[in-house]
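Q: Could we go through the side-chain contacts and helix packing of this protein together?

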Amino acid sequence: MPAVDKLLLEEALQDSPQTRSLLSVFEEDAGTLTDYTNQLLQAMQRVYGAQNEMCLATQQLSKQLLAYEKQNFALGKGDEEVISTLHYFSKVVDELNVLHTELAKQLADTMVLPIIQFREKDLTEVSTLKDLFGLASNEHDLSMAKYSRLPKKKENEKVKTEVGKEVAAARRKQHLSSLQYYCALNALQYRKRMAMMEPMIGFAHGQINFFKKGAEMFSKHMDSFLSSVADMVQSIQVELEAEAEKMRVSQQEFLSVDESVYTPDSDVAAPQINRNLIQKAGYLNLRNKTGLVTTTWERLYFFTQGGNLMCQPRGAVAGGLIQDLDNCSVMAVDCEDRRYCFQITTPNGKSGIILQAESRKENEEWICAINNISRQIYLTDNPEAVAIKLNQTALQAVTPITSFGKKQESSCPSQNLKNSEMENENDKIVPKATASLPEAEELIAPGTPIQFDIVLPATEFLDQNRGSRRTNPFGETEDESFPEAEDSLLQQMFIVRFLGSMAVKTDSTTEVIYEAMRQVLAARAIHNIFRMTESHLMVTSQSLRLIDPQTQVSRANFELTSVTQFAAHQENKRLVGFVIRIPESTGEESLSTYIFESNSEGEKICYAINLGKEIIEVQKDPEALAQLMLSIPLTNDGKYVLLNDQPDDNDGNPSEHRGAESEA
């Protein structure tokens, strides 16, 4: 016999939309079978009750047998033998139409009774289990909704335990009812074949026993045919018993799992989190706004497909696109006093959707998976290996190291302005390389905190300063025009994003900047911090100024004389950092390193800072200042344009950098 379509019992606990969709196919098949069984039973009862109209009744039965092929069962695989058998029986019924006069007793026992038992026992059992499964599913949804509403701030362990037990009981009840329901639907595929053929065997035997003429008619070829049909039914019965035993064993195995399978967030203390996922699927609560201040949460099934986040409601055939994950950012958020919430932000910085996971493990795995997908790891040849390598690199980055590997000498104009000897040759300042590389602990104290939010976004800044006078959080006043910039011989603007800052122990070498870059980037990767605030960095001959691009408000200001070290990353050319020496109220001085990511090369920012320091030095000597300004090109309107003449990597021609104009 061909294989029979079955519902997988191992999918019962997950209860995914794919399983529900397949379940609907089985339910449709059971409904079609119920309708057909009722029609077939009516035809048989007509044969039994209308002896005087037996000819008409047998004709109707013959037609009904032929109608089985046209029922279009959703799970019609393996019914070819049944269809061919029913076709042959239809011909036999037509031949015996004139012979059926009195079959009341035998037809009641051998033809009508089996199909009635099939309908009242098997089909009714499936209908009852369907209702129980629906009630268990609704109870589980209600318990999950109650569990999702548990508060995070005022957490009551007793209430949490009770609700957790309620969710576990509801989930176990749903699991049990789904297993029973699936087993009944699987068995129905075998029973329907027997139920279609057994009554006809009894009908045929009744005809043989009741009529001698019928016995003579069926004496040869009909006996062999009925024997083959009986053997086929017996083989189906054997398959059913074997499958029933297999499903019973599987059901016991699935129900013998640990209680933690049913309890959400059972391993909250030390969950085993897989940070190398490149695809993820499961149920999440989606936050929907229903008004200006009102929101609702909807529990839906989410899964990732390539670089997209998909959502599939129950009963839907396929999922729909919710969010493009390429180059997006994701971070954990606090939302409406709910636990395990995270937000996906689009690449342009707009707030995306907010989702809630049912446990800490699911929450962190979703964040890690979306983070890996946003890096487009799935497009590589071996995405799993790439994800593992990236996460291992991030973990190693925050591990203290005992010594630095020898780095290549950088071609950037970064200067050691404190301990390096400076030589003046052809009006250029050339630094001497440091003799040795210090240890990591000599540069930055272990455990030094990292600040990621020194620069506030423009919208948050405006929200915090809606009074009559705007106050800058860094002590700067709002000046729409910067007098020192107007009088400065150097003005150059760069678009940068603040990555982090931290206190350092020394400013004697640029290695402290490289170490700060390593620790800041590693901390962002480990803690899934991807939000960065864009600012304009204005480099003048007096200061470094961070300006809000939307409001033109000065966010932070550093005197150029307080910048003691600056350098660009040797591999990632867009990373740049500088060390600031800040006097304290106690009379001592503190050192802090600030790390930025620039839209242009970090070498250009270092060049501008170095040029500003040169201007500060030569301002003491008017002749040297004049020579320096003569080396800068002059525009048609009488302004100086500062160009960063850095050679390109390919053709050696001067790169076209963002120029800054100043009055002659």
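**Aromatic contacts, cysteines, helices and loops**

A: Ring pairs link Phe498, Phe558, Phe578, Tyr594 and Phe596 into a cluster. Rings of Phe, Tyr and Trp (its six-membered ring) pair if their centres lie within 6.5 Å; planes under 30 degrees apart count as stacked, over 60 as edge-to-face and the rest as tilted. The model is predicted, so local features need pLDDT of at least 70 and side-chain atom pairs count only at pLDDT 80 or more, while totals for chains, interfaces and linings use all residues. Residues are numbered from 1 along each chain as its sequence is written, and side-chain values use heavy atoms, with hydrogens and water left out.

Q: How many aromatic pairs does a search of the whole structure find?

A: The search gives 13 aromatic pairs. In one of them, the ring centres of Tyr68 and Phe73 are 5.0 Å apart and the planes stand at 50°, so this pair is tilted.

Q: Are Tyr68 and Phe73 buried or exposed?

A: Both Tyr68 and Phe73 are buried. Buried means under 20% relative accessible area, exposed over 50%, and partly exposed in between (1.4 Å probe, protein chains only).

Q: And what is the geometry of the Phe558 and Phe578 rings?

A: Their centres are 6.0 Å apart with the planes at 65°, so Phe558 and Phe578 form an edge-to-face pair. Phe558 belongs to strand S13 (residues 554-559) and Phe578 to strand S15 (residues 575-583), so the pair ties together parts that are 20 residues apart in sequence. Helices (H or I, at least four residues) and strands (E, at least two) are DSSP runs, numbered from the N terminus. Phe558 and Phe578 are both buried.

Q: Which ring does the charged end of Lys192 sit over?

A: The charged end of Lys192 sits over the ring of Phe73, 4.4 Å from its centre. A charge sits over a ring if NZ of Lys or CZ of Arg is within 6 Å of the ring centre and within 35 degrees of the ring normal.

Q: Where does Arg299 lie?

A: Arg299 lies over the face of Tyr283, at 4.4 Å from the ring centre.

Q: Changing topic: how many disulfides does the structure hold?

A: The structure holds zero disulfides. A disulfide is a pair of cysteine sulfur atoms within 2.5 Å.

Q: On to helices. How do H2 and H3 cross?

A: The axes of helix H2 (residues 54-67) and helix H3 (residues 80-95) come within 8 Å and cross at roughly 165°. Axes are lines fitted to C-alpha atoms, for helices over the stretch in contact, and angles run from 0 to 180 degrees between N-to-C directions. H2 and H3 are therefore roughly antiparallel to each other. Angles under 35 degrees count as roughly parallel, over 145 as roughly antiparallel, 65 to 115 as roughly perpendicular and the rest as oblique.

Q: What is the handedness of the H2 and H3 crossing?

A: The crossing of H2 and H3 is left-handed. A crossing is left-handed if the near helix is turned anticlockwise from the far one by less than a right angle, and right-handed if clockwise.

Q: What about H1 and H4?

A: The axes of helix H1 (residues 17-49) and helix H4 (residues 104-148) come within 10 Å, crossing at roughly 155°. H1 and H4 are therefore roughly antiparallel, and H1 passes H4 in a left-handed crossing.

Q: Where does Ile367 lie?

A: Ile367 lies in helix H8 (residues 360-374) and is buried, with a relative accessible area of 5%. Ile367 and Ile344 are 23 residues apart in sequence and 8.9 Å apart in space, C-alpha to C-alpha.

Q: What is the phi of Gln552, and where is it found?

A: Gln552 has a positive phi of about 60° and is not a glycine. Gln552 is found in the loop between strand S12 (543-547) and S13, and counts as partly exposed at 32% relative accessibility.
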